[in-house]
Protein chains: 2
Amino acid sequence: MKLFNKVAIIGVGLIGGSLGLAIKKLRLANEVIGVSRHKKTLLFAKRVRAIDTGVLDINIIKDADLIIFATPVNTILELAGKISKLIKEGCLVTDVGSTKQEIVSKLDKLFPNYLGAHPLAGSEKRSIMSASPDLFKGTLCILTPTKNTKAKVRRRMVGLWERLGARVIFSSADNHDKVISYVSHLPHAIAFSLIDTMPISYLKFSSSGLRDTTRIAASDSQLWADIFLSNEKNLISSIEHFQARLSKIKFAIKSNNKRQLIKILAQAKKKREGLR
Amino acid sequence: MKLFNKVAIIGVGLIGGSLGLAIKKLRLANEVIGVSRHKKTLLFAKRVRAIDTGVLDINIIKDADLIIFATPVNTILELAGKISKLIKEGCLVTDVGSTKQEIVSKLDKLFPNYLGAHPLAGSEKRSIMSASPDLFKGTLCILTPTKNTKAKVRRRMVGLWERLGARVIFSSADNHDKVISYVSHLPHAIAFSLIDTMPISYLKFSSSGLRDTTRIAASDSQLWADIFLSNEKNLISSIEHFQARLSKIKFAIKSNNKRQLIKILAQAKKKREGLR
């Protein structure tokens, strides 16, 4: 069943490209247009059938009935104003940005049919070359409605994500950013710092523990600098919370308090085992 | 080719059990004896053919020509004295403890044919039920010779680990503990702290990033408390090094210094990509 006539994806990287592949594979739209600043990306996206048409000029999106912003957070904020003047009436608008407060507060005002989304389906890979139509299968997608979000928009966006295989959950943008600063941004900040701490000459002694703990430190640095800065307040507070917990472990070791140390580690282990 | 007549493995958990399975599978010994305080473990180990005989009483090891200590660090230190009085002349002795200074300094004095080992092949699993004859294939095994280590002992232990599929590397016990405090103990301390920091209600929003970063926090808490305390000085210093690096990222975020932040993340990413 076609959900849309023409879908425009702005930014054809891992997420945008995977959306295109999935929408085309599942025949959810008659046409998928990809917008990018990079001609090579568009050619590749077209070749792998993630998009039908690739354009460097955003003017073409005026016919679309669904616009998906899939660029880094900063670029979404930059492009939103211009795009709001181009779209046709009734056009649905969404974005897949990793932080939501800034984006939702701006796009909710600009677009009458907007609903923000954050599919928790990233990886340390960033480019269209790692894209897959199955990227969203079995993952969680957080939708961030506001008091302005129309029931119809909400229903159609839920329908889209469910067709892509995601489990949909609702959250305010504020709450989203707080939660994500813990479950995503903090682990990234820690992975980057942890590998940063390693003396180069020690790396040859690394085992799977270090590799797993730092896998996400291979993520794009520009992208993650943007994400960190766009969620500054929450992230600083989750980093400080973590620092306090780590200091507690450090103190238990320093004071040779085995009972306390085992208690902390056992609680952590139990929590980890509860992770789906 | 048989390398040994009778091998005694003291402690039949993940590592000890896997050693038994591999030695039996590769027919490296005529007999493998398992020593444990837990009858159930011995029965299971015998059933899966990780050992030929299981005993609760360490007196039986007097005929062995290779003794492998595969218990937690503390237990190795506790048992060593007693066992040194039981073994026959010429018996090779090794251990697979995760920290080496304390163990090597004690066992090197007690046993004339001792060489310490640390196969970097652990996992968050601990029990014999996760053991595999292939656990050591393609992994690194650090041997920690001293000025007392005989060339023949060294040669035979290298031979054993290479037959098990490990790549052997030499290090002093001091250097081993310093390096391992960075590449293994620090990631564990961080993984425990990171999951410890998560508000329970946020866990349902977790994605693969958090799961990977905290996988090793499902490790045994008693075992890791022992390991942390047995490498206190090095671990405290690597934790403090990490805390300083994390604070640097935190400061770059707080001061909105995007250039500095990208620089740190890009260096980390590059280092991570160099990890084998």
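This note goes through a predicted model of two chains, from the overall fold of one chain to the contact between both.

1. Overall make-up of chain A. The secondary structure of chain A comes to 10 helices and eight strands. Its radius of gyration is 21 Å, close to the 19 Å that the globule rule gives for 276 residues, so chain A is as compact as a globular protein of that length. Taken along the principal axes, the box filled by the C-alpha atoms of chain A is roughly 70 × 45 × 30 Å.

2. Burial and contacts in chain A. Of the 276 residues in chain A, 54% are buried, where buried means that 20 or more other C-beta atoms lie within 10 Å of the residue's own. If one takes the contacts in chain A with a separation of 6 or more, 70% of them are made by residues 24 or more positions apart.

3. Two domains. The domain assignment divides chain A into domain 1 (4–171) and domain 2 (176–273), and the C-alpha centres of domain 1 of chain A and domain 2 of chain A lie 31 Å apart. Where these domains touch, the contact takes 14 residues from domain 1 of chain A and 14 residues from domain 2 of chain A. On the side of domain 1 of chain A that touches domain 2 of chain A, at least two residues each are supplied by α3 (73–84), α4 (101–110) and β7 (140–144) of chain A. By class, that side of domain 1 of chain A has three nonpolar, seven polar and four charged residues.

4. One helix looked at in detail. In helix α4 (residues 101–110) of chain B, the buried residues are Gln101(B), Ile103(B), Val104(B), Leu107(B) and Asp108(B). Seen down the axis of α4(B), these buried residues fall within an arc of 155°, so they line one face of the helix. The elements of chain B against which the buried residues of α4(B) pack are α3 (73–84), β5 (92–95), β6 (116–119), β7 (140–144) and α6.

5. Most residues other than glycine have a negative phi. Arg27(A), although it is not a glycine, has a positive phi of about 55°, and its place is in the loop between α1 (14–25) and β2 (29–35) of chain A. Asn256(A), also not a glycine, has a positive phi of about 55° and lies in the loop between α9 (232–254) and α10 (258–273) of chain A. Arg27(A) counts as exposed because it has 10 C-beta neighbours inside 10 Å, and Asn256(A) counts as exposed because it has 10 C-beta neighbours inside 10 Å.

6. How the chains are related. Chain B can be laid on chain A with an RMSD of 0.1 Å by a turn of 180° and a shift of 0.0 Å along the axis; the two copies are therefore related as by a two-fold rotation axis. In chain B, the C-alpha nearest this axis belongs to Thr213(B), at 2.0 Å from it. The same surface serves both copies, since 100% of the contact residues of chain B recur in chain A.

7. The contact between the chains. The contact takes 69 residues from chain B and 69 residues from chain A. On the side of chain B that touches chain A, two or more residues each come from α6 (173–197), α7 (208–214), α8 (221–230), α9 (232–254) and α10 (258–273) of chain B, and the largest share, 15 residues, comes from α6(B). By class, this side of chain B has 39 nonpolar, 17 polar and 13 charged residues.

Notes:
Residues are numbered from 1 along each chain as its sequence is written. Chains are lettered from A and ligands numbered from 1 in the order in which they are written. This is a predicted model: local features need pLDDT of at least 70, side-chain atom pairs count only at pLDDT 80 or more; totals for chains, interfaces and linings use all residues. Two residues are in contact if their C-beta atoms, placed from the backbone, lie within 7 Å. Helices (H or I, at least four residues) and strands (E, at least two) are DSSP runs, numbered from the N terminus. Ala, Val, Leu, Ile, Met, Phe, Trp, Tyr, Cys and Pro count as nonpolar, Asp, Glu, Lys and Arg as charged, and the others, Gly among them, as polar. A residue is buried if 20 or more other C-beta atoms lie within 10 Å of its own, exposed if 12 or fewer, and partly exposed in between; C-beta atoms are placed from the backbone. Copies are superposed by least squares on the C-alpha atoms of residues with pLDDT of at least 70 in both. The arc is that of the directions from the helix axis to the C-beta atoms. The radius of gyration is taken over C-alpha atoms; the globule rule is 2.2 Å times the number of residues to the power 0.38. Domain bounds come from an automatic or database domain assignment.
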